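I opened the file today to look up how one chain is put together, and I am keeping these entries as I go.

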Amino acid sequence: MEIENKISGSVNIILVNGRIDARNSSLLDDELKALIEGGSVNIIVNMEGVDYISSSGLRVLLAALKKVKPSGGDIKLSGLKPFVGDVFRISGFDSIFDICGSDKEALLNFE
Amino acid sequence: MAGELSLFLDLFGLIAVIVVFSIFVTRSHWFTEALERRFNWKNRTVLILFFGLLSVYGTLGGVEVLGAPLNVRDLGPMAGGLFCGPYVGIGAGIIGGVQRYAMGGPTCLPCSLATVFSGIFAGMLYILLKDRFAGVKIAVVFAVLMESFHMLITILLVSPPEVAYGIVSRAALPMILANAIGMFIFSYLVNNILIEKKTKEERDLYSSEIARNRAELDIASEIQNDFLPKKMPDIPGFDLYAMNSPAKEVGGDFYDFIGCADGSTGIVIADVSGKGVPAALFMVLSKTLMHASAGWHRSVKQVVESANNMITGESESGMFVTLFYSVLNPVSGRIVYSNAGHCPPFLLKSSGDEFMRLNPTGMALGVIEDNEYGTGEVTVSSGDLIVYFTDGITEAVNGDDEEFGEERLKEVILNNRYETPERIAGSITESVGDHSSGEMQFDDITLIVLKAL
């Protein structure tokens with residue numbers, strides 16, 4: 001898994017590539033924790049390059065969401081591949097995360 | 001020629017003695033104690049004697065180079081003071097100084113004073129460096145400065161001045177060089193020891209961390225194992241088999257059976273997100289709350305909703321559990337279920353080859369409070385099979401990151417549909433094992449196979 005970080009205004013965009021599974025979900029966890037501890041609450045996780053996400057990955061995203069919600073922030077997801085979208089649907093996580101087609105759409109939803 | 005050879009041998013002998021002495025002293029437990037700053041009168045005395053002896057040897061073993069005296073008397077007090085503190089430095093300086101003074105000669109006063117001062121200054125530098133030790137550079141520079149100082153007081157204290165100049169001009173360079181080389185050897189050895197010590201400390205820390213991680217894994221796996229039902233429930237007209245194969249980093253899968261008052265049996269399969277002890281503890285919590293809720297409420301919907309509220313209240317770090325709860329009435333063959341974000345179990349009717357997926361009816365437990373859960377209903381009759389599983393099966397990967405997947409799972413079930421649940425479960429785990437052979441099992445594998453007889 002590779003993680004890239006960019007900033008658009010007050011929103012942080014994290015680009016994730018590869019699989020998010022039990023083996024490496026802690027990398028994403030560290031990245032999100034560092035951002036949130038640094039004061040960022042509006043985060044887009046771009047998952048265009050993600051082929052697979054396991055329940056460990058969902059947990060990391062949920063933990064981050066629970067941290068930013070109280071301060072009015074949000075974690076939005078963009079560019080989910082069909083399989084990844086299915087994981088969110090099956091787990092019901094599609095109803096707690098704002099799932100957007102693109103970063104652009106996610107940025108608009110933040111405004 | 002013979003003179004040069006014997007000079008070379010003398011010098012070589014001097015250096016060899018310094019090296020042997022340095023190795024011997026630095027490897028002694030007294031010196032180790034000094035490096036750890038654990039001083040007592042015993043190790044101080046021994047070290048004073050050691051370095052004092054080196055100082056005396058520095059005088060007696062001195063050689064003449066082209067008519068210039070060359071000795072390393074100051075080396076002992078310098079090294080002693082620099083690495084073992086002022087007591088050892090000054091003590092060794094006094095021993096070397098007194099012995100030199102007793103020998104007499106025109107330079108006996110400045111030479112013996114310089115040796116005592118070597119110990120004093122080295123001790124002062126030791127105090128200045130506080131919790132650090134002098135590196136090779138500092139030690140060598142110190143030796144050069146100290147020998148220069150030695151030459152300076154020789155000029156000041158020896159009269160007549162012509163004699164003093166004569167001695168110093170011949171002795172200065174070889175003395176400075178010889179002591180610097182001696183100091184280089186000694187400080188180099190000490191620094192090697194310090195590096196070795198640090199590496200060993202780091203290695204010890206690392207291996208204790210590994211031991212702790214291993215212990216944590218064992219604890220997690222024991223917790224998980226202790227909380228799984230020890231025997232299968234007896235359901236008239238049905239055969240049931242459940243198994244769990246924990247991953248190395250236990251994932252917190254569990255299954256459970258609950259006997260309901262009306263003769264029905266509740267069947268739970270669940271997968272806690274996360275790994276290790278936290279996941280194992282969350283598994284215990286979820287299983288207990290689910291068990292209590294199932295014993296308390298009558299409707300499947302209420303059981304799951306109430307368990308969700310209790311689990312959500314306890315989940316702080318984003319942990320959640322996907323769970324499939326079904327209640328089987330063995331008389332009617334009716335199964336009512338609620339699927340909280342769990343991967344859908346497969347129902348294979350005896351009448352066909354098509355699998356029916358028992359799809360989610362709500363979100364994983366522990367995510368949001370007061371969430372509503374729907375229910376589904378199926379009826380099973382003789383020969384029908386339900387395979388409940390966790391994603392450790394479908395998501396087991398081979399060397400090319402290719403998942404075992406639902407299609408392979410369906411194939412194995414179809415090929416073994418007439419076997420007993422235990423045999424079917426065995427075939428499934430076997431082919432998952434074949435698929436991911438050589439790869440580490442990264443997730444727990446849990447399976448329940450239910451068959452209507």
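This is a predicted model: local features need pLDDT of at least 70, side-chain atom pairs count only at pLDDT 80 or more; totals for chains, interfaces and linings use all residues.

**Sheet and helices of chain B**

I began with the open sheet of five strands in chain B, where the pairing is antiparallel and the order reads β3-β12-β11-β8-β9. The edges are held by β3 (238-245) and β9 (355-357) of chain B, each with a single partner strand, so one side of each has no neighbour in the sheet.

Next I looked up the pairing of β8 (residues 346-348) of chain B with β9(B), which is antiparallel and runs over three bridges; here L348(B) has F355(B) as its bridge partner in β9(B).

I then asked which helices pack on this sheet. Helix α12 (residues 405-415) of chain B touches β8, β9 and β11 (385-389) of chain B, and its direction makes about 30° with that of β8(B). Helix α13 (residues 421-435) of chain B touches β3 and β12 (445-452) of chain B, with its direction at about 145° to that of β12(B).

Turning to a helix pair, I found that α7 (residues 136-157) and α8 (residues 161-227) of chain B pack at an angle of about 160°, with their axes 8 Å apart. Angles over 145 degrees count as roughly antiparallel, and α7(B) and α8(B) are therefore roughly antiparallel to each other. Their crossing is right-handed, and the residues of their contact divide into 18 nonpolar, five polar and one charged.

Last, I noted for the whole chain that chain B has 13 helices and 12 strands, and that 42% of its 453 residues count as buried.

Conventions:
Residues are numbered from 1 along each chain as its sequence is written. Chains are lettered from A and ligands numbered from 1 in the order in which they are written. Helices (H or I, at least four residues) and strands (E, at least two) are DSSP runs, numbered from the N terminus. A residue is buried if 20 or more other C-beta atoms lie within 10 Å of its own, exposed if 12 or fewer, and partly exposed in between; C-beta atoms are placed from the backbone. Axes are lines fitted to C-alpha atoms, for helices over the stretch in contact, and angles run from 0 to 180 degrees between N-to-C directions. Angles under 35 degrees count as roughly parallel, over 145 as roughly antiparallel, 65 to 115 as roughly perpendicular and the rest as oblique. A crossing is left-handed if the near helix is turned anticlockwise from the far one by less than a right angle, and right-handed if clockwise. Ala, Val, Leu, Ile, Met, Phe, Trp, Tyr, Cys and Pro count as nonpolar, Asp, Glu, Lys and Arg as charged, and the others, Gly among them, as polar. Two strands pair if DSSP finds at least two bridges between them. Two residues are in contact if their C-beta atoms, placed from the backbone, lie within 7 Å.
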